[in-house]
Amino acid sequence: MQDTIEIIANKLSGKGNGAKCLAAAQNYLNERDIPHRVHVTKAVGHGRALAQSLCAEGARTIAALGGDGTLHEVLNGMDFAAARMGFIPAGRGNDFVKGTGAASLDPVRAIADIVCGRPRDIDYLQIGDKRCLNVAGTGLDVEVLLKTAQSKNKLSYVASLFRCLLHYKPYRVLVTANGDTQIYDCIMAGVCNGTQIGGGIRLCPPALADDGKLNVLVMEKPKRVPTVLVMPKFVKGKHMNKPYTHHIVCDRVRIETPAPVQLDGEIYRNLAFEAHIMPRGLKTFAANASV
């Protein structure tokens with residue numbers, strides 16, 4: 001007997017793309033008489049509360065429909081001893097799914113994969129009592145997110161990044177990993193499970209979501225060229241071998257920073273930036289099922 005699929009949906013994600021993706025997924029399920037229920041998020045944090053409640057009620061399959069922020073909320077409410085979490089990406093960037101191939105960008109194929117139910121286990125990041133799916137960061141990415149949120153004309157991430165780079169001043173961070181502590185004059189420090197942020201900026205191309213490792217990326221201010229001139233390489237992921245880029249592979253890391261921290265694009269203040277990997281802790285579904 002088919003388990004009831006519990007869909008936690010942000011209909012407002014992606015400038016209304018969430019509603020379109022939900023309709024497509026529901027049509028697929030209705031045409032096949034597959035039992036499901038839809039739970040629409042109504043406020044920040046509601047996705048997490050819904051996931052917690054559904055897992056406590058005995059749900060076995062929960063699908064998160066929305067952007068990276070919605071996926072982040074549902075991830076933080078999941079009980080993976082009880083249920084699996086599927087992805088139906090419906091945001092503007094969908095960076096985690098695009099960077100890892102964890103689900104199809106087509107909502108019909110994404111829900112088909114969940115219905116097929118072929119299990120796949122991938123990693124997630126644990127930072128204090130918070131979980132992170134894609135990238136946790138501090139520095140320039142937080143500044144860009146704040147500027148983007150405050151912009152009246154909704155600047156894109158890349159446009160806001162360009163503006164911030166013109167005036168951004170590095171600050172000192174201490175990074176402890178693999179038993180070693182290093183000091184950096186940091187523009188940005190990211191702990192990566194996925195490869196990209198900001199709607200396609202390839203922050204850490206080597207990162208894999210199922211290798212049981214953290215990829216830590218620290219970018220310092222270039223010494224010989226204006227910081228803004230390195231942006232094209234940064235966007236395309238061609239910064240990894242540059243002297244201002246430091247790449248560390250580890251199981252856990254502590255980053256001592258005076259700045260706020262972002263997890264999957266959600267900003268947290270007063271959160272100690274101590275991350276460790278949860279190898280294959282996220283119980284999900286394999287992609288590429290037949291529709």
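Tyr 124 is buried, with a relative accessible area of 5%; buried means under 20% relative accessible area, exposed over 50% and partly exposed in between, using a 1.4 Å probe and protein chains only. This is a predicted model, where local features need pLDDT of at least 70 and side-chain atom pairs count only at pLDDT 80 or more, while totals for chains, interfaces and linings use all residues. Residues are numbered from 1 along each chain as its sequence is written, and side-chain values use heavy atoms, with hydrogens and water left out. Helices (H or I, at least four residues) and strands (E, at least two) are DSSP runs, numbered from the N terminus.

**Aromatic pairs**

- The structure holds two aromatic pairs; rings of Phe, Tyr and Trp (its six-membered ring) pair if their centres lie within 6.5 Å, and planes under 30 degrees apart count as stacked, over 60 as edge-to-face and the rest as tilted.
- Phe 80 sits in the loop between α3 and β4, whereas Tyr 124 belongs to strand β5 (residues 119-127), so the pair ties together parts that are 44 residues apart in sequence.

**The parallel sheet and its helices**

- Four strands make an open sheet, in the order β2-β1-β3-β4, with parallel pairing; two strands pair if DSSP finds at least two bridges between them.
- At the edges are β2 (36-40) and β4 (84-89), each pairing on one side only.
- On average, neighbouring strands of this sheet are turned by 20 degrees against each other, direction ignored; axes are lines fitted to C-alpha atoms, for helices over the stretch in contact, and angles run from 0 to 180 degrees between N-to-C directions.
- Strand β1 (residues 5-9) runs parallel to strand β3 (residues 61-66), and five bridges join them.
- Ile 7 has Ala 63 as its bridge partner in β3.
- Helix α3 (residues 68-77) lies across β1, β3 and β4, at about 155 degrees to β3; contact means heavy atoms within 4.5 Å.
- Helix α5 (residues 107-116) also lies across β1, β3 and β4, running at about 170 degrees to β4.

**Around strand β8**

- Strand β8 (residues 171-177) is mostly covered, as five of its seven residues are buried.
- With strand β9 (residues 180-192), β8 pairs in the antiparallel sense over seven bridges, and Val 173 has Tyr 184 as its bridge partner in β9.
- The two strands β8 and β9 form a hairpin with two residues between them, and Asn 178 in the turn has a positive phi of about 55 degrees.
- β8 also pairs in the antiparallel sense with strand β12 (residues 252-256), over four bridges, and Leu 174 stands opposite Glu 256 in β12.

**Lys 130**

- Lys 130 is found in strand β6 (residues 130-132) and is buried, with a relative accessible area of 16%.
- Among the residues that Lys 130 touches are Arg 48, Asn 76 and Tyr 268, not counting residues up to four places away in sequence.
- From Lys 130 to Tyr 184 there are 54 residues in sequence and 25 Å in space, C-alpha to C-alpha.

- A search of the whole structure finds three cavities of 30 Å³ or more; on a 1 Å grid over the protein atoms alone, a cavity is a set of points where a 1.4 Å probe fits but cannot get out, a pocket is an open set with protein on both sides within 12 Å along at least five of seven lines, and lining residues have an atom within 4 Å of a point.
- The second largest cavity has a volume of about 50 Å³; grid points are joined across faces, edges and corners, and a volume is the space filled by probe spheres set on the points.
- Residues lining the second largest cavity include Phe 87, Asp 113 and Phe 285.
- β4, α5 and β15 (274-285) are the elements that give two or more residues to this lining, and the largest share, three residues, comes from α5.
- The largest pocket has a volume of about 1400 Å³ and is lined by 40 residues, of which Asp 68, Gly 69, Arg 92, Gly 265 and Glu 266 lie nearest its centre.
- α1 (13-31), α3, α6 (140-150) and β14 (266-268) each supply at least two residues of the lining of the largest pocket.
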